[in-house]
Amino acid sequence: MRSEDQDLLRETRFAHPETVATLASARPRRAASECSNKLLIIAADHTARGVLSVGNDAMVMRNRFDLLDRLTTALSIPGVDGVLGSPDIIDDLLILGALDHKLVFGSMNRGGLPGASFEMDDRFTGYSAAAINNAGLDGGKMLVRINLEDPGTPDTLSAAANAVRELSESKLIAMIEPFMNQHVDGRNRNVLTTDAVIRSMAIASALGPTSAFTWLKVPVVEHMDQIAEATSLPIVLLGGERSDHPDEMYRRWERALALPGVRGLVVGRNLLYPENDDVESAVKTALSLL
């Protein structure tokens, strides 16, 4: 990132913090329905849970300015529709002027920190529905991990249901990322079988008093035709951890994107930190699948 942009971020945050709200209210917007192709949304909310790793590098996302440089590069490529981020990321991108005419989704529950004793108590520590509405964002994303053995799961389900209700009252999209989850070898792991994904989708679809504004963000697993048949709600595909076999990953995405009801990709590390470190090439490859 250019030193001028770094200076702009630091000075704005120190001397003119009110600028963030002003920029948010003035941001030119567009609706998801105005996008001609399937969507490509860049995900950037990992750091809010203390996740700084990509592949074998545990701290590769430590440099905020490098991350923002990768994000602005991705968002500047024609065909990229928007971003999903935590409040700190979205505020930085607003200051940098990178969000005009983009779809912007705010990440809501980031409190279930990996490895913590309270990991499954996924508190809403990021955006609220009211804050998303006030900032002129297009919707909110929530992670819903369902562990039948963990007492934190009911609180997560209840909080997510309330968030779906509040978002729908403002006609904002509720993007739910559901997983069935298990304790395995002392760790919480998402279950990535076809049946488990379908089960999580069924539970997530019924959260809140209406599903009119609910989208489902799901992993690419085996038998994606069954996944597409499991819901009438819009489906977007998550990228997951960076793949060591990008060509096979792209082929799996392409096959899944061809299914009815699948509306696009929401991808972070696989595009921002690709194996060859060429962000522009990775993003353009993903766009070609749409």
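How many aromatic pairs does a search of the whole structure find? I find two. A pair here means rings of Phe, Tyr or Trp (its six-membered ring) with centres within 6.5 Å; planes under 30 degrees apart are stacked, over 60 edge-to-face, the rest tilted.

Ground rules first. I am working on a predicted model, where local features need pLDDT of at least 70, side-chain atom pairs count only at pLDDT 80 or more, and totals for chains, interfaces and linings use all residues. Residues are numbered from 1 along each chain as its sequence is written, and side-chain values use heavy atoms, without hydrogens and water.

**Entry: F105 and W215.** I read 5.8 Å between the ring centres of F105 and W215 and 50° between their planes, so this pair is tilted. The pair links distant parts of the chain: F105 sits in strand β3 (residues 103–107) and W215 in strand β7 (residues 214–218), 110 residues apart. Strands are DSSP runs of E, at least two residues; helices are runs of H or I, at least four. Both F105 and W215 are buried, meaning under 20% relative accessible area (1.4 Å probe, protein chains only).

**Entry: Y250 and W253.** The ring centres of Y250 and W253 lie 5.5 Å apart with planes at 80°, so I log the pair as edge-to-face. Both residues belong to helix α9 (residues 246–257), three residues apart, about one turn of the helix. Y250 and W253 are both buried.

How values were computed:
Buried < 20%, exposed > 50% of the residue type's maximum accessible area, 1.4 Å probe, protein only.
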